[in-house]
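My entries follow the order in which I looked things up.

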Amino acid sequence: IPLRLVGSEMCIRDRSVRGALPASVSSEVDRLVSADQKIQAIKLVREHTGLGLKESKDVVEAWPRPRQL
């Protein structure tokens, strides 16, 4: 079931979305963000949250970039 965030919950969206996603999806978004594949990451966030395009884009742009070793 997709996560639905509306109203005042949008203020804490970026952190709460990451925490609400299954670990496998968060890991995939990490990988996509690291590979500069923002469009695919946005699609994945939209698919699993039900957020709109702009909201998903904002989430992905605020997504912390994994450290490169």
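**Helix packing**

The model is a predicted one, in which local features need pLDDT of at least 70, side-chain atom pairs count only at pLDDT 80 or more, and totals for chains, interfaces and linings use all residues. Residues are numbered from 1 along each chain as its sequence is written, and side-chain values use heavy atoms, with hydrogens and water left out.

I then noted that the axes of H3 and helix H4 (residues 53-62) come within 9 Å and cross at roughly 120 degrees, and that this makes H3 oblique to H4. For contact (heavy atoms within 4.5 Å), I listed Lys38, Ala41, Ile42, Val45, Arg46 and Thr49 from H3, and Leu53, Ser56, Lys57, Val59, Val60 and Glu61 from H4. By kind, these residues are six nonpolar, two polar and four charged.

Next I turned to helix H2 (residues 23-34) and helix H3 (residues 38-49), whose axes come within 9 Å and cross at roughly 160 degrees. H2 and H3 are therefore roughly antiparallel to each other (angles over 145 degrees count so), and H2 passes H3 in a left-handed crossing. On the H2 side I found Val25, Glu28, Val29, Leu32 and Val33 in the contact, and on the H3 side Gln40, Ala41, Leu44, Val45 and His48. This contact holds seven nonpolar residues, two polar and one charged.

Methods. Axes are lines fitted to C-alpha atoms, for helices over the stretch in contact, and angles run from 0 to 180 degrees between N-to-C directions. Helices (H or I, at least four residues) and strands (E, at least two) are DSSP runs, numbered from the N terminus. Angles under 35 degrees count as roughly parallel, over 145 as roughly antiparallel, 65 to 115 as roughly perpendicular and the rest as oblique. A crossing is left-handed if the near helix is turned anticlockwise from the far one by less than a right angle, and right-handed if clockwise. Ala, Val, Leu, Ile, Met, Phe, Trp, Tyr, Cys and Pro count as nonpolar, Asp, Glu, Lys and Arg as charged, and the others, Gly among them, as polar.
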